[in-house]
There are 2 protein chains.
Amino acid sequence: MPERLGPPREAPIFRRLALVGLGLIGSSIARAARRQNLATEIVAADSNAEVRARAEEIGLADRVYADVADAARGADCVILCVPVGACGPVAKAMRSVLEPGAIVSDVGSVKGAVMAAVEPHLPEGVQFVPAHPVAGTEDSGPDAGFSTLFAGRWAILTPAYGVEADAVERMRAFWEGMGSAVEIMSAPHHDLVLAITSHVPHLIAYNIVGTAADLEEVTRSEVIKFSAGGFRDFTRIAASDPTMWRDVFLNNKEAVLEMLQRFNEDLSALARAIRWDDGETLHALFTRTRAIRRGIVSEGQDAPAPDFGRPRE
Amino acid sequence: MPERLGPPREAPIFRRLALVGLGLIGSSIARAARRQNLATEIVAADSNAEVRARAEEIGLADRVYADVADAARGADCVILCVPVGACGPVAKAMRSVLEPGAIVSDVGSVKGAVMAAVEPHLPEGVQFVPAHPVAGTEDSGPDAGFSTLFAGRWAILTPAYGVEADAVERMRAFWEGMGSAVEIMSAPHHDLVLAITSHVPHLIAYNIVGTAADLEEVTRSEVIKFSAGGFRDFTRIAASDPTMWRDVFLNNKEAVLEMLQRFNEDLSALARAIRWDDGETLHALFTRTRAIRRGIVSEGQDAPAPDFGRPRE
């Protein structure tokens, strides 16, 4: 998948795009949508005064509001770029200003819980097209965003039955305009796929960094010094936004616990192989896992440079 | 710590350096030692004919042998760059040619088991200075090495009581010459520290990649497609050399199982927090782990660029 953005659109998709939340994702959408001419006007809302001030300073949007309803008023597309747990309350807050035909979308890493929280608040005729761009970095806030964050990455849409096809196609065009490839799937399947490809890996990374920090026999300074042996890669993931991730786990509970259970069973088998000197079992697994890595690199989902291309000579 | 190599030494440390094994680490030492003028002559041995041919082709060493004893004969420093499980047999194979005063070293990720396996084979007067450079990439083989692999990284020495101070200081100078910072510690402490900073992270990465590959509800193609959400970072680690890592786990069994036990206890507590909607526990851990990441970046053990500085615009 190409990692660069194509030329900007000749005609914008939306008249007025409203972004609620200007963190890593919201501010990246603002940058990409502007650069690619995806909306005539971009307005935004953020509850944090510092974020609003910074957004004004760097010109992220045409207007930045404190109140969600002010941003959503008159918008033909509103995208919620807030933690999953905030989507319901935000939908409720803008309910009175949404016009029939307007599209509401989000960027949450969990789709089932977001749909259940948002749908009841949307007036008749408003089209809800939930989305999840599978892209991000460990940084947070309006300065962390960049216009190519979504280029060469997947964006998953999970519209419910009965949503107007035109609304889905406009959202598809919007994400494709930012360089993403779009896939449509059901919310439950999405939540299962992401549990293993994203949520459980994050939980495990957070967990081992916590375990290491609590050791008595190994000092924290030693953990930091000798982290180049593998641990440091986990710390990058474990530096992701705490509120966003708390909400992900609380809102995708069943799939995460199910996948965690399987992870644990497999880990017990590995521990047993170590205890009983079963080198063959270990070697067979360690060989098998290389194939998955090759697939990820050949599909363009990661850079082929070893060590993530960390600086060399 | 500086990530660049300083100027080459005016006088070499060793007259003849013998490297046994020309994989990622051995071939990186060959390149760094030559570039930094750390040895007058560099000879090598590798049991794999393809590796020997390739090493000759790219001029990694002055002479490349199939037989360990041929390389070790007349060397004043022999470094074993083979998987941990092969160190004992290799020491045995070169026993008859080692001269009193010669230094034997290794690069294994486990130190207790290597010392136990190697020491009995070393003739009187040979100085054993075990070493572990905490550096590497997921690539293997003679082409994977590069001369700055050790620059800005730690090298840990674990000499036993009674080893000559001069031998330890020469090995220190050798690693410092390749840009490393040197730390001396006991083998048991090393094995505990590395269990948490390297061995358990690798085991977990291998494990989750295996779990994902075995799912029935999620296809392998979906795992690959949507891996940018976190999973792909684990696959990099899980692409490391299978034989090397099998040997690490079998030879650092106690420390790995002990650390794994703690990891599991912590993970159970997290799973319980998810099940019982305990967002505070999750948020508190996710906030705490950020501090460790900051420490690793500020100590120069990782690049500060988000997402490992993967390519952007």
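# Exercises on a two-chain model

At 44% relative accessibility, B:D214 counts as partly exposed, a class that lies between buried (under 20% relative accessible area) and exposed (over 50%), with a 1.4 Å probe and protein chains only. This is a predicted model, in which local features need pLDDT of at least 70 and side-chain atom pairs count only at pLDDT 80 or more, while totals for chains, interfaces and linings use all residues. Residues are numbered from 1 along each chain as its sequence is written, chains are lettered from A and ligands numbered from 1 in the order in which they are written, and side-chain values use heavy atoms, with hydrogens and water left out.

## Exercise 1: The interface

Describe the contact between chain B and chain A by its residues, its buried area and its residue classes.

*Step 1.* Taking contact as heavy atoms within 4.5 Å, one finds 110 residues of chain B touching 110 residues of chain A.

*Step 2.* The buried area, which is the accessible area (1.4 Å probe) that two parts lose on being put together, summed over both, is about 10600 Å² between the two chains, with 65% of it given by carbon and sulfur atoms.

*Step 3.* Between chain B and chain A there are 46 residue pairs in polar contact, both residues being at pLDDT 80 or more; here a polar contact is a pair of N or O atoms within 3.5 Å, where within protein one must be able to donate a hydrogen and the other to accept it, and residues adjacent in sequence count only if both atoms are side-chain atoms.

*Step 4.* Several elements of chain B supply at least two residues each to the side that touches chain A, among them β8 (154-157) and α12 (279-298), and α7(B) gives the most, with 20 residues. Helices (H or I, at least four residues) and strands (E, at least two) are DSSP runs, numbered from the N terminus.

*Step 5.* Sorted by class, this side of chain B has 53 nonpolar, 25 polar and 32 charged residues, where Ala, Val, Leu, Ile, Met, Phe, Trp, Tyr, Cys and Pro count as nonpolar, Asp, Glu, Lys and Arg as charged, and the others, Gly among them, as polar.

## Exercise 2: Symmetry

Which rotation superposes chain B on chain A?

*Step 1.* A rotation of 180° with 0.0 Å of shift along its axis superposes the chains with an RMSD of 0.0 Å, which is the relation of a two-fold axis. The superposition is by least squares on the C-alpha atoms of residues with pLDDT of at least 70 in both copies.

*Step 2.* Among the residues of chain B, B:F308 comes closest to the rotation axis, at 3.1 Å (C-alpha).
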